[in-house]
Amino acid sequence: MTRRPGRAAGSGGGTSAGSGPPYFDPYDTLPELAPLRTALTNADWTAVQAYFSTLDSAEKISFASGIVADTPGVEDMLRKAVAEHPAAPLPRTLLAHRYVGIGWDIRTGALADSVSREQFDRFHDWLGQAEQILIDVCAEQPAYAPAWTVRLLTARGLELDQAEVRRRYDRLSAHRPHHYPAQQQLLQQLCPKWGGSWETAHDFARGAASASPDGSHSGALVALAHLEHVADLEPMAASAYLRGVPVRDDLRFAARVSVLHRDYRPGFHGIGAHSAFALAFSLGGHFEDALLHFGALGDRADASVWSYVPDPSTAFLKYRKSATATI
């Protein structure tokens, strides 16, 4: 990485970490999602549509789409919205994303050998329905990043090969070259558990961090790649891996050009990005480095990131305490 990282931001991090237990629910960590929760609770498509119209980036739309996908029962409202607005990309993308969520709930996060044939069949059926919707959306709206992002999820679930996943990502990145939600999905695909390799995963993460604009979220991919890698190691090897100077310096550079850069603006992905750095630095014992990220988080945390460790709440409190002790 050769890009000059720039000055660390005052708004991207701090040294005044929170004092209470962490809260993980995105509706708590991001109060600006409150209107979306009300709209979904009321099954009010007009309000849902109005909320999405206020979002000023494709990254935020993809994030909010994930919130919809995790909301049980909204598929009935979304089917009606698709019927009423058959040419609009948003309701179709949200419905497809919800179908993916239903499918993954059926499959669960268990290892493949612990998932029954019936579960796999139902899982693939839901993802197949989502894929059919998204094929049309992407054909009609090739620059619509949220739909392509969900197609990276369906590709992984349907066990399509690496070349097809790359093709989809390349189609998306031709229009949105630094779309962080899609980069997160591709990073998962590049890990060995989905047919990739650690070399490929780390190369992609570092390349994305270097190529992205200063202050983007893409640098957090470096931390996520290291967290994925360490989860695949035995405890002693994992500790040695993250304590190593090369990994520490890798994380430091990625943090400086992303969440600690003066141009950084948190958006919806800020909590996840800072959580990734806070956890990766902490697991490596680099608590002075972790402190800035805990300062940015306060009492907020990202559930998916902290699920890399057992008992996320206890781990968050333990590592935050160690970080604040370095002051």
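Ala 182 is buried, because its relative accessible area is 0%, where buried means under 20% relative accessible area, exposed over 50% and partly exposed in between, with a 1.4 Å probe and protein chains only. The residue belongs to helix α10, which covers residues 180-190; helices here are DSSP runs of H or I with at least four residues, strands are runs of E with at least two, and both are numbered from the N terminus. Leaving aside residues up to four places away in sequence, Ala 182 touches Thr 149, Leu 152, Tyr 169 and Leu 172, with contact taken as heavy atoms within 4.5 Å. The C-alpha atom of Ala 182 is separated by 16 Å from that of Ser 304, a residue 122 positions apart from Ala 182 along the chain.

This is a predicted model, in which local features need pLDDT of at least 70 and side-chain atom pairs count only at pLDDT 80 or more, whereas totals for chains, interfaces and linings use all residues. Residues are numbered from 1 along each chain as its sequence is written, and side-chain values use heavy atoms, with hydrogens and water left out. The protein chain has a mean pLDDT of 93, and 95% of its residues reach 70 or more, pLDDT being the predictor's confidence in each residue on a range from 0 to 100. Over residues 1-15, however, the pLDDT is below 50, although this stretch has 46 contacts in the model beyond near neighbours in sequence. Where pLDDT is low, the predicted coordinates should not be read in detail.

Glu 75 is found in helix α5, residues 75-84, and, not counting residues up to four places away in sequence, it touches Leu 95, Arg 98, Tyr 99 and Ile 102. Asp 28, placed in helix α1 (residues 26-29), counts instead as partly exposed, because its relative accessibility is 42%.

In the pair of helix α4 (residues 58-69) and helix α6 (residues 89-107), the axes come within 8 Å and cross at roughly 50°; axes are lines fitted to C-alpha atoms, for helices over the stretch in contact, and angles run from 0 to 180 degrees between N-to-C directions. α4 and α6 are therefore oblique to each other, since angles under 35 degrees count as roughly parallel, over 145 as roughly antiparallel, 65 to 115 as roughly perpendicular and the rest as oblique. Their crossing is right-handed, a term used if the near helix is turned clockwise from the far one by less than a right angle, and left-handed if anticlockwise. From α4, Ser 62, Ser 65, Gly 66, Val 68 and Ala 69 meet Leu 94, His 97, Arg 98 and Gly 101 of α6. The residues of this contact divide into three nonpolar, five polar and one charged, where Ala, Val, Leu, Ile, Met, Phe, Trp, Tyr, Cys and Pro count as nonpolar, Asp, Glu, Lys and Arg as charged, and the others, Gly among them, as polar.

The axes of helix α7 (residues 117-140) and α8 come within 9 Å and cross at roughly 145°, and α7 passes α8 in a left-handed crossing. On the α7 side the contact is made by residues including Phe 123, His 124, Leu 127 and Glu 131, and on the α8 side by residues including Trp 148, Arg 151 and Thr 154. By class, the contact of α7 with α8 has eleven nonpolar, three polar and two charged residues.

Helix α15 (residues 270-283) packs against helix α16 (residues 287-297) at an angle of about 155°, with the axes 8 Å apart, and the two are therefore roughly antiparallel to each other. α15 passes α16 in a left-handed crossing. Among the residues that meet are Ile 271, Phe 277 and Phe 281 in α15, and Phe 287, His 293 and Leu 297 in α16. This contact of α15 with α16 has nine nonpolar, four polar and one charged residues.

Ala 43, in the loop between α2 (34-41) and α3 (45-53), has a phi near 50°, a positive value in a residue other than glycine; Ala 43 counts as partly exposed because its relative accessibility is 48%. Glu 159, in the loop between α8 (145-157) and α9 (162-173), has a positive phi of about 60° although it is not a glycine, and it counts as exposed because its relative accessibility is 56%.
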